[in-house]
Amino acid sequence: MEAIRNQVRKGTNPLRVVNDQRGRPTYTPHLADATVRLALRAHDDGDARGIIHYADEPECTWFDFAQAIVGDQATVSPVPSDAFPRPAIRPAYSVLSTERYERITGLKPESWEEGLREYLQLRA
C-alpha cells in the first residue's frame, strides 16, 4: 500500500499495476482481532488450534486495490504480470480460504475497503 502511495507522491501517473493476480488485502488490526478471537477460543475449543487462515473480504486484483488506494489522485493502468518480470513466479490466484475461521468463530471476515479507509484516515 505504501509503495503505491509513494509512487503517487513522486508524481508517477499513470501507475501501472498488475490486473491478473487476485488476493485478499488484509488490514493488520483486522488480522490482530481475528488472531485474538482464535486464541481465546483455543483454550476451550480444540478445533480452534492449528492452521487457520484469515483474510479480509472481498477478493480483488492488485489493480483494484491500487485504484482504491489512489482514488482520484492518479490514474491506474492495468497491465499483465509479465510486464513486471520477477525472479519468482507469482500465482495468479492467491486467495486464502477463511472457511475454517468462519466456522470456528461464526463471523465473516471484515472488509479490506473499510480497513483501507481507516488506514488512510490515520495516515492523513
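This is a predicted model: local features need pLDDT of at least 70, side-chain atom pairs count only at pLDDT 80 or more; totals for chains, interfaces and linings use all residues.
User: Which residues of helix 3 are called buried, and what makes them so?

Analyst: Within helix 3, which covers residues 62–70, the buried residues are Phe63, Phe65, Ala66, Ile69 and Val70; they are called buried because the term applies to a relative accessible area under 20%. They lie on the same side of helix 3, because the arc they cover around the axis is only 160°.

User: Which elements do the buried residues of helix 3 pack against, and what counts as a contact?

Analyst: The buried residues of helix 3 pack against helix 1 (2–9) and helix 5 (112–123), and also against strand 1 (15–18), strand 3 (60–61) and strand 4 (76–79), where a contact requires heavy atoms within 4.5 Å.

User: How many helices and strands does the protein chain have, and in what order do they run?

Analyst: The protein chain has five helices and four strands, which run from the N terminus as α-β-β-α-β-α-β-α-α.

User: What share of the contacts in the protein chain joins residues at least 24 apart?

Analyst: When contacts between residues at least 6 apart in sequence are considered, 87% of them join residues at least 24 apart.

User: How far apart do the centres of the positive and negative side chains lie, and which residues count in each set?

Analyst: The centres of the 16 positive and 18 negative side chains lie 5 Å apart, with Lys and Arg counted as positive and Asp and Glu as negative.

Key
Residues are numbered from 1 along each chain as its sequence is written. Side-chain values use heavy atoms; hydrogens and water are left out. Helices (H or I, at least four residues) and strands (E, at least two) are DSSP runs, numbered from the N terminus. The place of a charge is taken as NZ of Lys, CZ of Arg, CG of Asp or CD of Glu. Buried means under 20% relative accessible area, exposed over 50%, partly exposed in between (1.4 Å probe, protein chains only). The arc is that of the directions from the helix axis to the C-beta atoms.
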